[in-house]
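Please read these notes with the sequence and the structure side by side.

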Amino acid sequence: MTDSQIFRRGPAWTIVVLLQLYMLVNFLDKIALSMTAVPLMSELNLSAAQFGMISGSFYWLFSLSGILVGLSCRRLAARWLLLVMGIAWAALQIPVLFATNAHELLWARMLLGAAEGPAFPFTVVALFQWFPDEKRNLPVAVVSTGASIGLVLAGLLIPSITAAWGWRSNFAILAAIGALWSLLWLGIGCNPRLIRGSSEGRSADARGNAGYRLPDALPYRTLFADRSVLAIYGGAIAGYTVLGITMTWLPLYLQRGLGYSAASAGRWFTVVVLILMPVQVFLSGLSQRLMRRGTSSRNARAKLLGAAMIISALLLVALGKLPLAPIQKTVVIALSSGLGALATAFGPVLLAEVTPLGQQPVMLAIFTAIGNIAAAVAAVATGHLVQAAGAANPHGYELGYMGAAGVIFCAAIGCLRWLHTERSRRKLCAPTSHDDSDESKTARALNQVR
């Protein structure tokens with residue numbers, strides 16, 4: 001059966017839109033507490049240390065739950081797990097809505113983090129069931145923009161909602177949005193007729209890999225020792241490093257370091273996000289077009305990713321070394337963040353090329369966990385640099401970005417030198433003929449994921 005016989009554009013892109021909304025809700029849930037920090041702390045009489053602990057509690061179980069749920073994916077259907085998580089996110093807004101002290105908030109945020117930990121891995125796994133390998137780059141990038149859109153909407157809507165109805169009303173609205181998404185997913189994403197139209201992983205082999213089919217499972221030590229996998233994880237570290245600095249410190253850098261007013265800083269932060277999104281979508285679309293024309297994954301994905309990261313590193317060095325105007329520095333950060341974080345969109349697709357279906361959620365959960373740890377470390381390290389230089393001195397922020405440039409450059413060299421999924425796949429697979437037994441093996445692996 002050919003890709004054209006399997007792939008159904010309409011249902012597949014309907015799923016993309018739903019999963020993009022899923023990531024939008026996910027990100028709104030994450031940032032809502034920070035956006036309501038001032039009135040929340042005042043009403044509940046929280047100190048900065050207490051609020052910091054409550055905010056950080058979201059990540060205590062985030063990565064661990066993603067990996068643990070991924071390990072149990074052989075007994076869980078991705079589409080139903082997404083539904084359970086959507087319902088849980090909605091329900092876990094209610095304790096915040098009625099919280100009266102720090103302990104109640106802490107438990108609510110910690111449980112929400114645990115519920116959101118598996119979101120990205122299983123979102124990607126569900127998406128892969130609808131798209132063959134050469135058509136995956138753009139859908140993954142589009143779904144990932146849900147986080148950026150959520151950031152923009154949070155900046156535009158949450159302050160207004162808080163001013164009109166109080167900070168607690170935001171969490172009531174988030175609960176309603178989560179419940180509404182869950183109903184949509186139940187009716188569309190879990191619809192048996194639409195599911196039968198998915199690609200079901202049957203055309204997941206990358207071009208150039210004909211005759212090399214991944215087994216049902218591989219030892220994790222074998223996967224972690226593969227150079228392509230290590231390069232992909234290196235890309236995750238680089239991409240999340242620059243995103244961690246941008247999302248944590250850019251608003252303060254714009255206001256204190258570059259001298260923008262609070263209102264202007266907010267607008268320029270939105271501009272950065274709006275530039276970052278099309279950069280990633282354009283490059284993902286370019287990569288997908290090259291793949292569909294028969295270009296190898298090595299050229300269409302690995303080399304393109306490596307080149308984008310090198311340009312990002314050079315831009316970040318220019319940020320700290322060249323006498324740029326504030327507007328120029330803002331645009332440089334937007335472009336460098338979009339290019340440097342391209343691995344967050346390419347990484348899942350590349351991992352799928354060398355990972356058996358049943359093990360993809362675990363490998364993607366580890367990808368996300370490593371990235372989040374890198375983002376947290378980068379944010380803390382940049383904080384020390386800012387404190388040493390002074391919050392009004394742009395040099396501290398720019399030193400943080402230059403440190404990110406070094407990480408990105410090393411990851412780029414790793415991608416250009418070691419990221420070769422076709423070669424890795426040949427090492428991981430034995431040559432096989434495409435007979436009925438192969439089809440049954442693929443079907444069994446798919447059923448384990450679904």
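1. Basis. This is a predicted model, in which local features need pLDDT of at least 70, side-chain atom pairs count only at pLDDT 80 or more, and totals for chains, interfaces and linings use all residues. Residues are numbered from 1 along each chain as its sequence is written, and side-chain values use heavy atoms, with hydrogens and water left out.

2. Aromatic pairs. Rings of Phe, Tyr and Trp (its six-membered ring) pair if their centres lie within 6.5 Å; planes under 30 degrees apart are stacked, over 60 edge-to-face, and the rest tilted. The count by this rule is 11 aromatic pairs. Tyr22 and Trp89 are stacked, because their ring centres are 4.6 Å apart and their planes stand at 20°. Tyr22 sits in helix H2 (residues 9-35) and Trp89 in helix H6 (residues 78-91), so the pair links distant parts of the chain, 67 residues apart. Helices (H or I, at least four residues) and strands (E, at least two) are DSSP runs, numbered from the N terminus. Tyr22 is buried, at 1% relative accessible area; Trp89 is buried as well, at 1%. Buried means under 20% relative accessible area, exposed over 50%, and partly exposed in between (1.4 Å probe, protein chains only). Ring pairs also join Tyr22, Trp89, Trp181 and Trp185 into a cluster.

3. A tilted pair. Tyr253 and Tyr397 have ring centres 5.1 Å apart and planes at 45°, so they count as tilted. Tyr253 belongs to helix H14 (residues 227-257) and Tyr397 to helix H20, 144 residues apart. Tyr253 is buried at 0% relative accessibility. Tyr397 is buried at 1%.

4. Salt bridges. The rule asks for a side-chain nitrogen of Lys or Arg within 4 Å of a carboxyl oxygen of Asp or Glu. The whole structure holds 5 salt bridges. Arg168 meets Glu43 at 2.8 Å, N to O. Arg168 is in helix H11 (residues 168-187) and Glu43 in helix H3, so this bridge ties together parts that are 125 residues apart in sequence. Glu43 is partly exposed, at 46%.

5. Buried charges. Lys329 and Glu398 form a salt bridge at 2.8 Å, N to O. The bridge links helix H17 (residues 326-340), which holds Lys329, to helix H20, which holds Glu398, 69 residues apart. Lys329 is buried at 11% relative accessibility, and Glu398 is buried at 6%. A network of salt bridges links Asp133, Arg301 and Glu353.

6. Surface patches. Patch residues have over 30% relative accessible area and no salt bridge; like charges are joined within 9 Å, nonpolar side chains (Val, Leu, Ile, Met, Phe, Trp, Tyr) within 5 Å. Arg227, Arg417, Arg423, Arg426 and Lys427 make up a positive patch. Helix H21 (residues 421-428) gives the most to it, with 3 residues. Arg417 comes from helix H20 (residues 394-418). Leu64, Leu68 and Leu71 form a nonpolar patch, with about 280 Å² of accessible area together. That area comes from the Shrake-Rupley method with a 1.4 Å probe; for residues, only the protein chains shown count as cover.

7. Which backbone angle of Asn45 is positive, although it is not a glycine? The angle is phi, at about 55°. Asn45 lies in the loop between H3 and helix H4 (48-57), and is exposed at 67%.

Conventions:
Lys and Arg count as positive and Asp and Glu as negative; His and the chain ends are not counted. The place of a charge is taken as NZ of Lys, CZ of Arg, CG of Asp or CD of Glu.
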